[in-house]
Every structure is written in structure tokens, then in C-alpha cells.
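Q: Could you walk me through this one? I'd like to begin with the ligand and then move on to the chain.

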Amino acid sequence: MAADRQSAGIEYDLSRRSFVAASAAVSLVTTGAVAASPKPLFPKSFLWGAATAGHQVEGNNVASDIWLLEQVKPTLFKEPSGDACDSLHRWSEDLDLIRSMGLNCYRFSVEWSRIEPAEGQVSTAELDHYKRVIAGCHDRGLTPVVTYNHFTSPRWFAAKGGWENADAPDLFARYCERVTREFGSGIGFAVTFNEPNLRVGGNWSPNPMPAELPGMVAAMLGAAARACGSDRFSLLNVGNYTVSQPNVLKGHRLARAAIKSECPALPVGLSLALADDQAVGHSRLLDQKRREMYQAFLDAAKEDDFIGVQTYSRSLIGPHGALPPPRGAELTQVGDEFYPSALEGSVAYAHKATGRPVLITENGIAAQDDRQRVRFIPAALDSVKKAVVRGVPILGYIHWSLLDNFEWMSGYGPKFGLVAVDRTTFKRSPKPSARVYAEAVAQLSAG
Ligand code: BGC
């Protein structure tokens, strides 16, 4: 393995990035200097959580854009989301599970298409549902971290051109304002967008995009547009990014202002898909990737209260582009490199680029065999600890995901959950990794 790394030119980079920079931190930990410190590394206010997203767990999110894409022919979705985990009805069980792990935070998303299923028509009953979830969090001592847009939007919005439509920022801000007016006072942290930078990420994937993919996407979107009686159908991270990105950025700014107008003290940010990017050799492309994939959003985040970071692995950037995982590297169920120590580099970068404190809004692993997650979690938390020791201000760590859920186009195949969900009865069964996470959190928060 070490030889493989060396031959791929990675050894240099690892020693520069992780080993040398973190060596001071590691020695502090091993000499016990940290234990003697009067300030705990993880104060009581540090958020320890688990995350879900509405469309992936609630079930029957029938007025949303992605629900429609799952139904049309042709579709790129392996299977429809259907009942998902039925969290719409079983949310209190979910909160109990989080509480039973000794966590103090739940990240979930509100579904715009439930709240505004037709343009301008707001559902009081659905708003009440989310109010109950928020109240349920507080009853159990959980801080709600609420995402206002986790990929899905109403299908009427997509049929108007989605984020390519110049009205999109105002429509989104109007929804954010309403949500915040209804229950913003119960929210601990507001995340406007989940990974609005994912589209550009595709350009930096080591796997070449199949030549037929754009045609397949266009056929699926065309079918959805026709189903809506429209000539267009576009959604976040799909469509013409040059047109949509400025609208998303404006949407974020307007949403932040709308949220603050209702709840001035509520911390607002967005979350980015952000790998631990490592140059192999002296790759100038690393800077290019960062410019293309993160810069506009990191600049926007300078005005925010925090930056949400979502890291699953590292990304190796060679002189000609992204590289696959090193030969012989352990892989996750979805083919990423098993690399739990990615957080130290990603959070340090996000903080340096924005000057904002970091909230780790997602980190986790797709693992069919839970034993891999059991090994992942302590190593990932160790990486968080190293970043804290290095002085990166971190507000919390939220594991993706609480439940095995609907993994978008891949359907129910990839298993990201700490808790398994029976696809027929929806019975929740915590995996050994849930206990491992709970024990690690108990230990770290005890100082
Ligand atoms: C998304 C989640 C997704 C997870 C695992 C993140 O990109 O926010 O919705 O399930 O990664 O792929």
C-alpha cells in the first residue's frame, strides 16, 4: 500500500498535508497535554448529530420534482422512492433513536413541495407537521439543524425552469421566509442549500461520464416537462449550470435575508460537497478544481454565520485531472476510497477560505457490511479531533445518515445508515455502528 502511494506520487502530498501539519496535534494528544487543557476540545455546545433529508426518508413526496423524474419513462432512477422510510409518520421513532444514541442534534430538511404543493398555495397542515418535528426535537434535547433545500423542489417550480428561471431566487426566498416565520424560532441552525456545487463536481470525478448520459438526462427531463404540460423541467444541479449558478447564489443571499428578517439571531449558512482535495505531485489543477467547484460558494459563505462541510473521502488531483483511488486501496460500497481521515483537511480548507466556523453537516460511508462503518467512525472522529487541536473552529459533527434511505438514482442499494430499515415493515434496527458512534461521542464529550 505504501509502495503504491509512493509510486502514485501521493507520499509527498500526505506528508506535507496531513502528517507534518498534524504531527504537533498528534503529539499533544499522546502526551496528554490536551487533557490538561482547561478548555475542553468538545464543549457542551458542540453538536453531535445524525442527518436525513426529507425526500430520502419521508416517503410519498409526490409534488416534488424528483418524485416525477422517478416516475417518467425514460428515467435514470433505479427505482422510485415510494414510501421511503415512512419518516413522515415515524419521525418520533427517529428522534427517539437519535436520543438513545446520546446525540444532541438532528439535521433534517423541510420539503418545499409539501409546504407549497402548487405555486402560492401554502399547506398549513404540512407546516404543522414540521412544527411537531421541531417540538419533538426540543422535547428530547435535540438541536434542529434544518435544511431548506436538500436537492428537491416543487415540480411546478421545475416546470417553470427551476434554478434557470430568473424568478427562482424570489420564489425560494418567499418560501424560506414563510417557513422561518412559522417555526424559525425553534431552529438551531438553518442551511439554505445542500450541496449546490455538486454539478461541477461531476467535472472532477475520476470516472469519465458515459457519452450517452447527457442524452439520457435530456430524455428524462423532456418526459417530465411533457408530464407537466411545459417545455422545460430543470432542477438543482441538473440543467444549464452557467445560468443556474448565479440564481442559486442570489437565492442563497435572498433566503438568508428572509430568514434573518424573521429570526435575526438564527445562524444561516449553506453546505458544500467538499472532499479532502490532495494534489499528487505539484498539480496546478488542484487550484483550478477549488476555483471551479467551491470558490463562488465559499465567497458567498463569507457573509454567513457558518460554512457547512460534507466530506466523504479524499480526491486526488493529478497533472491531468482527478485520479482514481490508489491501486489496492480499500473502497466503500459506492466505490469511493475508504478514507475516514478526510475531514481534517476539508474543514481546515473551508475555514481558511471563508473565515467562518465549520459545521460538519455530513460525513459517512456507504457500507453493505456495517463492520466497515464501525472502523470508519472512530477514525473520522479522530480526524475531527485533529482539526480542532489545529485550531479549526468546528461547531459540530453530523453523521450521514441516521437511516438506510433512498440514495437518489441508486435507489435503496447503498447503505449509509446507522440504523437499518426493513423495506416492508419500516422497522428500524440500530446497527453495531450506532453503538460505536454513541460510545465515541460519550467519550469525546466527556473531555
Ligand atoms: C447528499 C445526500 C446523499 C449523501 C450520500 C450527499 O451528497 O447530501 O443526500 O445521500 O451525500 O451520497
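A: A polar contact here means a pair of N or O atoms within 3.5 Å. With that cut-off in hand, and bearing in mind that this is a predicted model, a polar side-chain atom of glutamate 407 lies 2.5 Å from an oxygen atom of the ligand.

Q: OK, and how far from an oxygen atom of the ligand is the polar side-chain atom of asparagine 194?

A: For asparagine 194 the distance from a polar side-chain atom to a ligand oxygen is 2.8 Å. Tyrosine 312 also has a side-chain N or O atom facing the question, at 3.4 Å from an oxygen atom of the ligand.

Q: How much of the ligand's accessible area does the protein cover?

A: On its own the ligand has 310 Å² of accessible area, and the protein covers 88% of that.

Q: Which residues are around it, then?

A: The residues around the ligand are Gln56, His150, Phe151, Asn194, Glu195, Gln310, Tyr312, Glu362, Trp400, Glu407, Trp408 and Phe416. Sorted by class, this shell contains five nonpolar, four polar and three charged residues.

Q: Switching to omega: which residues does the cis peptide bond with omega about 10° join?

A: That cis bond joins tryptophan 400 and serine 401. Tryptophan 400 is also one of the residues around the ligand, while serine 401 has its place in the loop between β11 (394-400) and β12 (419-421).

Q: What about the peptide bond from lysine 73 to proline 74, cis or trans?

A: The bond from lysine 73 to proline 74 is cis, with omega near 0°, and proline 74 lies in the loop between α5 (65-71) and α6 (87-100).

Q: Let's zoom out. How many helices and strands does the chain have?

A: The chain has 17 helices and 13 strands. Its radius of gyration is 21 Å, close to the 22 Å that the globule rule gives for 447 residues, so the chain is as compact as a globular protein of that length. The C-alpha trace spans about 65 × 50 × 45 Å along its principal axes.

Q: What share of the residues is buried?

A: Buried residues make up 57% of the 447 in the chain. The accessible surface comes to about 17800 Å², with 55% of it belonging to carbon and sulfur atoms.

Q: And what share of the contacts comes from residues 24 or more positions apart?

A: Among contacts with a separation of 6 or more, residues 24 or more positions apart account for 81%.

Q: Where does leucine 298 lie, and what is it in contact with?

A: Leucine 298 lies in helix α14 (residues 285-301) and is buried, with a relative accessible area of 0%. Leaving aside neighbours within four places in sequence, leucine 298 is in contact with Leu272, Ile307, Tyr349, Ala353 and Thr354.

Terms used: Residues are numbered from 1 along each chain as its sequence is written. This is a predicted model: local features need pLDDT of at least 70, side-chain atom pairs count only at pLDDT 80 or more; totals for chains, interfaces and linings use all residues. Side-chain values use heavy atoms; hydrogens and water are left out. A residue is near a molecule or strand if one of its heavy atoms lies within 4 Å of it. A polar contact is a pair of N or O atoms within 3.5 Å; within protein, one must be able to donate a hydrogen and the other to accept it, and residues adjacent in sequence count only if both atoms are side-chain atoms. Accessible areas come from the Shrake-Rupley method with a 1.4 Å probe; for residues, only the protein chains shown count as cover. Ala, Val, Leu, Ile, Met, Phe, Trp, Tyr, Cys and Pro count as nonpolar, Asp, Glu, Lys and Arg as charged, and the others, Gly among them, as polar. Helices (H or I, at least four residues) and strands (E, at least two) are DSSP runs, numbered from the N terminus. The radius of gyration is taken over C-alpha atoms; the globule rule is 2.2 Å times the number of residues to the power 0.38. Buried means under 20% relative accessible area, exposed over 50%, partly exposed in between (1.4 Å probe, protein chains only). Contact means heavy atoms within 4.5 Å.
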